[in-house]
Amino acid sequence: MELIDSRAGQVGAFQVRRALPARARRTVGPWCFLDHFGPADVDEDGGLGVAPHPHTGLQTVTWLLEGEVLHRDSLGTEQVIRPGQLNLMTAGCGVSHAEEGTGRYRGPLHGVQLWVALPDATRDAAPAFEHHGDLPVVDLPGVTVTVLVGALASARSPARRDTDHVGAQLEVRGPAVLPLDPAREHAVVALDGGIEVDGRSVRPGQHAYLGVGSSEVRVDGAGGVRALLVGGEPFESPVVMWWNYVARTRDEITEAHRAWTERSDRFGRVASLLPPTDVPPPPWSSSAP
Ligand code: MN
(Lines give C-alpha, C1' and ligand atoms only; values in the text may rest on other atoms or scores of the structure.)
Protein backbone atom coordinates (compact mmCIF):
# COMPACT_ATOMS: atom_id res chain seq x y z
CA MET A 1 0.00 0.00 0.00
CA GLU A 2 1.25 3.48 -0.90
CA LEU A 3 0.06 6.67 0.78
CA ILE A 4 -0.09 9.47 -1.82
CA ASP A 5 -0.66 13.20 -1.16
CA SER A 6 -2.99 15.15 -3.44
CA ARG A 7 -1.80 18.34 -5.12
CA ALA A 8 -3.47 21.73 -4.78
CA GLY A 9 -5.37 22.86 -7.85
CA GLN A 10 -7.93 25.43 -8.90
CA VAL A 11 -11.20 24.71 -10.73
CA GLY A 12 -13.55 27.61 -11.38
CA ALA A 13 -14.03 29.37 -8.04
CA PHE A 14 -12.76 26.41 -6.03
CA GLN A 15 -9.52 25.21 -4.51
CA VAL A 16 -9.30 21.48 -5.11
CA ARG A 17 -7.26 18.56 -3.83
CA ARG A 18 -6.15 16.71 -6.97
CA ALA A 19 -5.53 13.05 -6.18
CA LEU A 20 -5.18 11.96 -9.83
CA PRO A 21 -3.13 12.18 -11.89
CA ALA A 22 -0.38 11.83 -9.27
CA ARG A 23 3.28 11.87 -10.15
CA ALA A 24 3.72 8.38 -8.78
CA ARG A 25 0.44 6.98 -10.16
CA ARG A 26 -1.04 8.56 -13.26
CA THR A 27 -4.09 6.27 -13.38
CA VAL A 28 -5.93 3.74 -11.22
CA GLY A 29 -7.60 1.40 -13.71
CA PRO A 30 -9.26 3.78 -16.20
CA TRP A 31 -9.66 6.49 -13.50
CA CYS A 32 -7.34 9.24 -14.71
CA PHE A 33 -8.45 12.35 -12.81
CA LEU A 34 -9.85 12.91 -9.32
CA ASP A 35 -10.59 16.33 -7.84
CA HIS A 36 -11.96 16.75 -4.31
CA PHE A 37 -13.53 20.20 -3.87
CA GLY A 38 -14.86 21.99 -0.80
CA PRO A 39 -16.52 22.20 1.57
CA ALA A 40 -16.85 25.91 0.78
CA ASP A 41 -19.84 28.23 0.80
CA VAL A 42 -21.52 29.16 -2.48
CA ASP A 43 -24.39 31.46 -3.33
CA GLU A 44 -27.30 31.06 -5.75
CA ASP A 45 -25.40 32.31 -8.79
CA GLY A 46 -21.85 31.21 -8.08
CA GLY A 47 -21.75 27.48 -7.46
CA LEU A 48 -18.67 25.79 -8.82
CA GLY A 49 -18.45 28.62 -11.35
CA VAL A 50 -17.09 26.40 -14.11
CA ALA A 51 -17.74 28.02 -17.52
CA PRO A 52 -18.38 26.03 -20.73
CA HIS A 53 -15.36 23.93 -21.67
CA PRO A 54 -14.77 20.89 -23.88
CA HIS A 55 -13.86 17.26 -23.22
CA THR A 56 -12.75 14.32 -25.36
CA GLY A 57 -12.06 10.64 -24.71
CA LEU A 58 -13.38 10.48 -21.14
CA GLN A 59 -16.40 10.26 -18.86
CA THR A 60 -16.94 12.84 -16.11
CA VAL A 61 -18.30 11.43 -12.85
CA THR A 62 -19.75 14.01 -10.47
CA TRP A 63 -20.67 13.12 -6.87
CA LEU A 64 -21.63 15.52 -4.10
CA LEU A 65 -21.41 15.20 -0.33
CA GLU A 66 -23.14 18.54 0.27
CA GLY A 67 -24.89 21.17 -1.82
CA GLU A 68 -26.26 21.40 -5.36
CA VAL A 69 -24.71 21.99 -8.78
CA LEU A 70 -26.40 22.74 -12.10
CA HIS A 71 -24.91 20.80 -15.02
CA ARG A 72 -25.51 22.11 -18.55
CA ASP A 73 -24.06 20.48 -21.65
CA SER A 74 -23.96 20.68 -25.44
CA LEU A 75 -26.44 17.78 -25.69
CA GLY A 76 -29.07 20.14 -24.26
CA THR A 77 -28.97 18.59 -20.80
CA GLU A 78 -29.85 20.80 -17.84
CA GLN A 79 -29.59 18.72 -14.68
CA VAL A 80 -29.31 19.68 -11.01
CA ILE A 81 -27.31 17.17 -8.99
CA ARG A 82 -27.63 16.65 -5.23
CA PRO A 83 -25.89 14.38 -2.69
CA GLY A 84 -26.53 10.70 -3.35
CA GLN A 85 -27.00 11.26 -7.08
CA LEU A 86 -24.62 10.63 -9.96
CA ASN A 87 -23.99 12.72 -13.05
CA LEU A 88 -22.15 10.76 -15.73
CA MET A 89 -21.21 12.49 -18.96
CA THR A 90 -19.55 10.52 -21.74
CA ALA A 91 -17.50 12.82 -23.97
CA GLY A 92 -16.62 10.37 -26.73
CA CYS A 93 -15.33 12.42 -29.68
CA GLY A 94 -16.43 15.71 -28.14
CA VAL A 95 -18.83 17.41 -25.75
CA SER A 96 -18.84 20.66 -23.77
CA HIS A 97 -20.43 21.51 -20.44
CA ALA A 98 -20.66 24.05 -17.61
CA GLU A 99 -21.13 23.57 -13.85
CA GLU A 100 -22.90 26.49 -12.24
CA GLY A 101 -25.00 27.72 -9.35
CA THR A 102 -28.60 26.50 -9.33
CA GLY A 103 -30.15 29.96 -8.94
CA ARG A 104 -31.59 28.74 -5.64
CA TYR A 105 -29.06 26.95 -3.46
CA ARG A 106 -26.91 28.86 -0.97
CA GLY A 107 -24.69 27.03 1.49
CA PRO A 108 -21.80 24.61 1.64
CA LEU A 109 -20.69 22.75 -1.50
CA HIS A 110 -18.54 19.64 -1.18
CA GLY A 111 -17.88 16.85 -3.63
CA VAL A 112 -15.69 15.09 -6.12
CA GLN A 113 -15.33 15.04 -9.86
CA LEU A 114 -13.52 12.22 -11.57
CA TRP A 115 -12.67 11.27 -15.12
CA VAL A 116 -12.71 7.78 -16.56
CA ALA A 117 -10.56 7.28 -19.68
CA LEU A 118 -12.65 5.71 -22.42
CA PRO A 119 -11.33 2.60 -24.20
CA ASP A 120 -10.47 2.68 -27.91
CA ALA A 121 -13.86 1.07 -28.65
CA THR A 122 -15.84 4.15 -27.55
CA ARG A 123 -13.48 7.08 -27.19
CA ASP A 124 -14.39 8.44 -30.65
CA ALA A 125 -18.11 7.60 -30.39
CA ALA A 126 -21.04 9.96 -29.83
CA PRO A 127 -21.34 11.87 -26.53
CA ALA A 128 -24.01 10.98 -23.96
CA PHE A 129 -25.26 12.00 -20.52
CA GLU A 130 -26.84 10.01 -17.67
CA HIS A 131 -28.26 11.12 -14.33
CA HIS A 132 -28.86 8.48 -11.66
CA GLY A 133 -30.99 9.50 -8.70
CA ASP A 134 -31.24 6.06 -7.16
CA LEU A 135 -28.03 4.09 -6.70
CA PRO A 136 -27.68 0.75 -4.91
CA VAL A 137 -26.70 0.95 -1.24
CA VAL A 138 -25.35 -2.02 0.70
CA ASP A 139 -24.95 -2.19 4.48
CA LEU A 140 -21.99 -4.27 5.63
CA PRO A 141 -20.67 -4.54 9.20
CA GLY A 142 -18.96 -1.20 9.88
CA VAL A 143 -19.56 0.36 6.46
CA THR A 144 -22.36 1.49 4.16
CA VAL A 145 -21.42 1.25 0.49
CA THR A 146 -23.09 3.26 -2.28
CA VAL A 147 -22.06 1.92 -5.68
CA LEU A 148 -21.66 4.73 -8.22
CA VAL A 149 -20.37 2.60 -11.08
CA GLY A 150 -19.63 -1.10 -11.49
CA ALA A 151 -20.26 -3.68 -8.78
CA LEU A 152 -19.11 -4.11 -5.20
CA ALA A 153 -20.24 -6.38 -2.38
CA SER A 154 -23.32 -7.75 -4.21
CA ALA A 155 -24.57 -4.35 -5.41
CA ARG A 156 -24.40 -3.23 -9.03
CA SER A 157 -24.83 0.32 -10.35
CA PRO A 158 -27.02 0.90 -13.42
CA ALA A 159 -24.56 3.54 -14.69
CA ARG A 160 -22.90 3.09 -18.08
CA ARG A 161 -19.47 1.52 -17.95
CA ASP A 162 -17.22 1.00 -20.97
CA THR A 163 -14.45 -0.80 -19.07
CA ASP A 164 -14.53 -3.15 -16.08
CA HIS A 165 -14.09 -0.59 -13.29
CA VAL A 166 -15.70 0.27 -9.97
CA GLY A 167 -16.40 3.44 -8.01
CA ALA A 168 -18.15 3.55 -4.63
CA GLN A 169 -18.70 5.81 -1.65
CA LEU A 170 -17.82 4.25 1.72
CA GLU A 171 -19.50 5.55 4.87
CA VAL A 172 -17.30 4.09 7.58
CA ARG A 173 -18.64 3.60 11.12
CA GLY A 174 -16.14 1.07 12.47
CA PRO A 175 -13.82 -1.72 11.41
CA ALA A 176 -14.92 -3.17 8.06
CA VAL A 177 -13.65 -5.49 5.36
CA LEU A 178 -14.48 -4.90 1.70
CA PRO A 179 -14.05 -7.56 -0.96
CA LEU A 180 -11.87 -6.52 -3.91
CA ASP A 181 -11.26 -8.05 -7.33
CA PRO A 182 -7.55 -9.00 -7.25
CA ALA A 183 -7.28 -8.31 -11.01
CA ARG A 184 -7.84 -4.64 -10.24
CA GLU A 185 -5.75 -1.88 -8.71
CA HIS A 186 -7.60 0.42 -6.28
CA ALA A 187 -7.40 3.73 -4.46
CA VAL A 188 -9.22 4.82 -1.30
CA VAL A 189 -9.60 8.60 -0.99
CA ALA A 190 -10.49 10.19 2.37
CA LEU A 191 -13.23 12.81 1.92
CA ASP A 192 -14.77 14.34 5.05
CA GLY A 193 -12.50 12.91 7.74
CA GLY A 194 -9.62 10.60 8.45
CA ILE A 195 -9.92 6.83 8.05
CA GLU A 196 -7.64 3.85 8.39
CA VAL A 197 -6.88 1.75 5.33
CA ASP A 198 -5.12 -1.55 6.00
CA GLY A 199 -3.98 -0.13 9.34
CA ARG A 200 -2.55 3.14 8.01
CA SER A 201 -4.15 6.48 8.60
CA VAL A 202 -5.36 8.42 5.55
CA ARG A 203 -6.62 11.98 5.95
CA PRO A 204 -8.49 14.24 3.49
CA GLY A 205 -6.00 15.32 0.83
CA GLN A 206 -4.48 11.84 0.71
CA HIS A 207 -5.32 8.49 -0.80
CA ALA A 208 -4.19 4.94 -0.28
CA TYR A 209 -3.12 3.12 -3.45
CA LEU A 210 -3.52 -0.65 -3.49
CA GLY A 211 -1.89 -2.52 -6.35
CA VAL A 212 -3.34 -5.53 -8.13
CA GLY A 213 -3.47 -8.76 -6.15
CA SER A 214 -5.52 -7.65 -3.13
CA SER A 215 -8.70 -9.63 -2.54
CA GLU A 216 -9.89 -7.39 0.30
CA VAL A 217 -9.21 -4.10 2.04
CA ARG A 218 -9.72 -3.27 5.71
CA VAL A 219 -11.04 0.16 6.57
CA ASP A 220 -11.80 1.73 9.94
CA GLY A 221 -13.30 5.02 11.04
CA ALA A 222 -15.87 6.59 13.31
CA GLY A 223 -19.10 8.53 12.93
CA GLY A 224 -19.91 7.67 9.32
CA VAL A 225 -16.83 9.31 7.82
CA ARG A 226 -16.93 9.19 4.04
CA ALA A 227 -14.34 7.97 1.58
CA LEU A 228 -14.27 7.06 -2.08
CA LEU A 229 -13.08 3.72 -3.46
CA VAL A 230 -12.10 3.55 -7.14
CA GLY A 231 -10.56 0.65 -9.01
CA GLY A 232 -10.11 -1.14 -12.27
CA GLU A 233 -7.83 -3.35 -14.27
CA PRO A 234 -4.71 -1.43 -15.31
CA PHE A 235 -5.76 0.64 -18.34
CA GLU A 236 -5.28 -0.83 -21.83
CA SER A 237 -2.93 1.88 -23.11
CA PRO A 238 -1.04 4.92 -21.82
CA VAL A 239 -3.20 8.04 -21.98
CA VAL A 240 -2.04 11.50 -23.01
CA MET A 241 -3.83 14.20 -21.02
CA TRP A 242 -3.69 17.94 -21.49
CA TRP A 243 -6.19 20.52 -20.21
CA ASN A 244 -9.61 18.85 -20.56
CA TYR A 245 -8.65 16.27 -23.14
CA VAL A 246 -7.84 12.60 -22.77
CA ALA A 247 -6.25 11.09 -25.87
CA ARG A 248 -3.51 8.74 -27.07
CA THR A 249 -1.34 11.21 -28.99
CA ARG A 250 -0.41 14.89 -28.81
CA ASP A 251 -1.69 15.37 -32.38
CA GLU A 252 -5.19 14.38 -31.26
CA ILE A 253 -5.02 17.02 -28.52
CA THR A 254 -3.69 19.69 -30.87
CA GLU A 255 -6.64 18.97 -33.18
CA ALA A 256 -9.16 19.13 -30.29
CA HIS A 257 -7.66 22.46 -29.18
CA ARG A 258 -8.00 23.84 -32.71
CA ALA A 259 -11.64 22.69 -32.98
CA TRP A 260 -12.57 24.26 -29.62
CA THR A 261 -10.74 27.53 -30.35
CA GLU A 262 -12.54 27.79 -33.70
CA ARG A 263 -15.86 26.90 -32.01
CA SER A 264 -16.37 24.06 -34.49
CA ASP A 265 -19.53 21.94 -34.25
CA ARG A 266 -17.48 19.14 -32.72
CA PHE A 267 -18.09 20.49 -29.21
CA GLY A 268 -21.56 21.98 -29.79
CA ARG A 269 -22.90 24.85 -27.68
CA VAL A 270 -23.81 25.13 -24.00
CA ALA A 271 -26.77 27.34 -22.96
CA SER A 272 -24.79 29.09 -20.23
CA LEU A 273 -24.55 32.74 -19.26
CA LEU A 274 -20.83 32.23 -18.62
CA PRO A 275 -18.51 32.82 -21.59
CA PRO A 276 -16.76 29.72 -23.03
CA THR A 277 -13.32 29.00 -21.52
CA ASP A 278 -10.20 29.39 -23.62
CA VAL A 279 -6.62 28.30 -22.98
CA PRO A 280 -3.42 28.92 -24.97
CA PRO A 281 -2.37 26.15 -27.38
CA PRO A 282 -0.58 23.11 -25.95
CA PRO A 283 3.13 23.76 -25.34
CA TRP A 284 4.28 21.36 -28.08
CA SER A 285 2.05 22.96 -30.75
CA SER A 286 3.59 25.12 -33.52
CA SER A 287 1.14 27.94 -32.61
CA ALA A 288 2.22 27.94 -28.95
CA PRO A 289 3.47 31.36 -27.78
MN1 MN B 1 -15.53 19.40 -17.22
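Residues are numbered from 1 along each chain as its sequence is written, and side-chain values use heavy atoms, with hydrogens and water left out. Because the model is predicted, local features need pLDDT of at least 70 and side-chain atom pairs count only at pLDDT 80 or more, while totals for chains, interfaces and linings use all residues.

An open sheet of 7 strands runs in the order β2-β3-β4-β11-β6-β9-β12, with antiparallel pairing. Strands are DSSP runs (E, at least two residues) numbered from the N terminus, and two of them pair if DSSP finds at least two bridges between them. At the edges lie β2 (7-11) and β12 (128-132), each of which pairs on one side only. Within the sheet, strands β6 (residues 58-66) and β9 (residues 86-90) run antiparallel and are joined by 5 bridges.

Thr60 belongs to strand β6 and stands opposite Met89 in β9. The relative accessible area of Thr60 is 2%, so this residue is buried (under 20% relative accessible area, 1.4 Å probe, protein chains only). Not counting residues up to four places away in sequence, Thr60 touches His55, Asn87, Leu88, Met89, His97, Gln113, Leu114 and Trp115, contact being heavy atoms within 4.5 Å.

The manganese ion is coordinated at 2.1 Å by His53 (NE2), His55 (NE2) and His97 (NE2). Donors are N, O and S atoms within 2.8 Å of the metal (3.2 Å for Na, K and Ca); water is not among the atoms, so sites may look incomplete. The donor residues are spaced H-x1-H-x41-H in sequence. His55 in strand β5 (residues 50-55) and His97 in strand β10 (residues 95-100) are 42 residues apart and link distant parts of the chain. Both His55 and His97 are buried.

The structure holds 2 cavities of 30 Å³ or more. On a 1 Å grid over the protein atoms alone, a cavity is a set of points where a 1.4 Å probe fits but cannot get out, and a pocket is an open set with protein on both sides within 12 Å along at least five of seven lines; lining residues have an atom within 4 Å of a point. Grid points are joined across faces, edges and corners, and a volume is the space filled by probe spheres set on the points. The largest cavity has about 60 Å³ of space, and its lining includes Thr60, Met89 and His97. Strand β9 gives the most to this lining, with 3 residues. The largest pocket has a volume of about 610 Å³.

Key: Helices (H or I, at least four residues) and strands (E, at least two) are DSSP runs, numbered from the N terminus. Buried means under 20% relative accessible area, exposed over 50%, partly exposed in between (1.4 Å probe, protein chains only).
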